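Reader: I would like to go through the sheets and helices of a model, one feature at a time. Where do we start?

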Amino acid sequence: MNQTIQGSRLALRDVEKHFGHFCALKQIDLTVEPGELVCFLGPSGCGKTTLLRIIAGLEQQSAGTLQQGESDISHTPPRERDFGIVFQSYALFPNMTVIDNIAYGLRSIGMPRQAIRERVDALLNMVGLVDHARKYPAQLSGGQQQRVALARALAPSPGLLLLDEPLSALDAQVRQHLRGEIRQLQKQLGVTTIMVTHDQEEALSMADRVVVMNNGVIEQVGTPLEIYQQPASTFVAAFIGAMNFLDGAALDTHRVRVGNHDFSVQAPVAEADRLCLAIRPEDVHLLPVGQGDWNGRVVAMDYLGAFIRTRVQLEGLEPTLLVDVDPRSARQLGLVPGAEVCISLPAEALHCFAA
């Protein structure tokens with residue numbers, strides 16, 4: 001079996017989708033490069049599944065164009081588009097064995113019997129299901145069924161693989177294991193892949209680039225590191241990981257006042273009457289009293305294994321600040337609820353948004 005698939009380049013331009021007066025997608029512009037794995041990430045109702053269905057031809061866009069490779073597929077029927085799809089529900093044929101499920105699409109396009117046998121055998125070996133080839137879906141675990149669905153989608157060597165929340169029905173341990181398997185297989189084959197998920201950990205661990213969506217628009221496109229460390233909006237900052245937000249006002253282009261305290265920021269401050277200063281819990285420095293920028297008191301501590309999420313009430317500030325501290329530092333500081341501490345907010349870790 002050929003171990004590589006020629007991945008397609010996909011370009012979406014000004015794609016919109018309206019359901020009556022409701023605008024589900026607005027001016028979507030996106031290019032997915034050959035061999036890339038891109039995740040559509042966002043809360044329920046943000047438009048990510050609708051966009052995937054438009055790419056598959058299962059929904060018709062209200063406006064805009066789609067191009068796959070050199071072909072305009074804006075109005076091409078689903079059966080004529082070059083993609084394989086894996087659904088959340090697996091959608092396997094219950095009355096067919098694993099072999100027959102994987103071979104189904106190959107038979108429908110008239111591939112010779114010997115070529116089908118070789119292709120199915122290679123795929124079974126690739127997804128680790130050789131010993132389960134003659135079983136029916138009901139005899140398989142959820143993770144095994146998902147592997148069958150993946151093999152069936154890859155069988156015709158599609159230029160584009162679409163994954164619609166493929167791991168959400170599985171338990172946490174199986175989900176984590178399959179993440180690595182799918183990513184490894186995708187890299188090995190070189191198939192261009194788009195995955196829809198609402199699980200940020202899944203997106204950050206698997207994707208080359210993440211497309212963060214909200215209310216039918218793209219908020220930000222970037223690598224997992226860019227999305228996490230350089231959020232483009234308060235929505236992205238709040239949706240990806242944990243984030244502290246502090247209301248403030250600009251003093252000049254690189255200084256912001258929060259309460260009675262002034263902080264420096266590296267990026268130029270937005271021109272707005274009210275500003276929002278944001279910082280990740282792991283970027284806040286927790287220090288002994290008198291050694292930082294702002295005194296406070298520990299009000300709660302949650303032990304989360306590798307770190308302790310500490311909630312600090314700062315003097316003169318109503319919302320508490322989340323600070324992630326490693327266990328060794330917590331012991332050295334003598335952290336317990338009620339302990340007096342001091343915090344420091346490094347300029348390079350502060351993000352500033354218009355409120």
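Predicted model: local features only at pLDDT ≥ 70, side-chain atom pairs only at ≥ 80, totals over all residues.

Reader: How many bridges join β9 and β10, and in which sense do the strands pair?

Author: In general, strands of a sheet pair through backbone hydrogen bonds, in a parallel or an antiparallel way. Here β9, residues 209-214, pairs with β10 over five bridges in the antiparallel sense.

Reader: What is the strand order of the open sheet with mixed pairing?

Author: The order is β6-β7-β8-β3-β9-β10, which makes six strands. At the edges stand β6 (83-86) and β10 (217-222); each has a single partner strand, so one side of each is left without a neighbour in the sheet. From one strand to the next, the twist averages 15 degrees.

Reader: Which strands does helix α4 touch where it packs on the sheet?

Author: Helix α4, residues 142-154, touches β6 and β7 (160-164). The direction of α4 makes about 170 degrees with that of β6.

Reader: At what angle do the axes of α4 and α5 cross?

Author: They cross at roughly 20 degrees, and the axes come within 11 Å. Angles under 35 degrees count as roughly parallel, and α4 and α5 are therefore roughly parallel to each other. Their crossing is right-handed.

Reader: Which residues meet in the contact of α4 with α5?

Author: From α4 come G143, Q146, R147, L150 and L154. They meet V174, H177, L178, E181, I182, L185 and L189 of α5. By class, this contact of α4 with α5 has seven nonpolar, three polar and two charged residues.

Reader: Now the other open sheet. In what order do its five strands lie?

Author: The order is β13-β12-β11-β14-β20, and the pairing is antiparallel. The edge strands, β13 (261-264) and β20 (351-354), each pair on one side only. Neighbouring strands of this sheet are turned against each other by 40 degrees on average, direction ignored.

Reader: Which residue of β13 is the bridge partner of V256?

Author: The partner is F263. Strand β12, residues 255-258, runs antiparallel to β13, and four bridges join the two.

Reader: Which partners does β14 have, and how many bridges join it to each?

Author: Strand β11 (residues 244-252) pairs with β14 over five bridges, in the antiparallel sense. Within that pairing, N244 has I279 as its partner in β14. Four bridges join β14 to β20, again with the strands antiparallel. There, the bridge partner of C276 is F353 in β20.

Reader: Why is β14 largely enclosed by the rest of the structure?

Author: A residue counts as buried if its relative accessible area is under 20%. Five of the five residues of β14 (275-279) are buried, so the strand is largely enclosed by the rest of the structure. L275, L277 and I279 point one way, C276 and A278 point the other way, and all are buried.

Reader: Which residues of β18 point each way from the strand?

Author: L321, V323 and V325 point one way, L322 and D324 the other, and all are buried. Strand β18 (residues 321-325) is mostly covered, with five of its five residues buried.

Reader: What do β17 and β18 form together?

Author: They form a hairpin with six residues between the strands. In the turn, G316 has a positive phi of about 80 degrees. Strand β17, residues 308-314, pairs with β18 in the antiparallel sense over five bridges, and R309 stands opposite D324 in β18.

Definitions and conventions:
Residues numbered from 1 in each chain as written. Heavy atoms only, no water. Pairing = 2+ DSSP bridges. Axes fitted to C-alpha atoms, helices over the stretch in contact; angles between N-to-C directions. Contact = heavy atoms within 4.5 Å. Parallel < 35°, antiparallel > 145°, perpendicular 65-115°, else oblique. Left-handed = near helix turned anticlockwise from the far one by under 90°. Nonpolar A, V, L, I, M, F, W, Y, C, P; charged D, E, K, R; others polar. Buried < 20%, exposed > 50% of the residue type's maximum accessible area, 1.4 Å probe, protein only.
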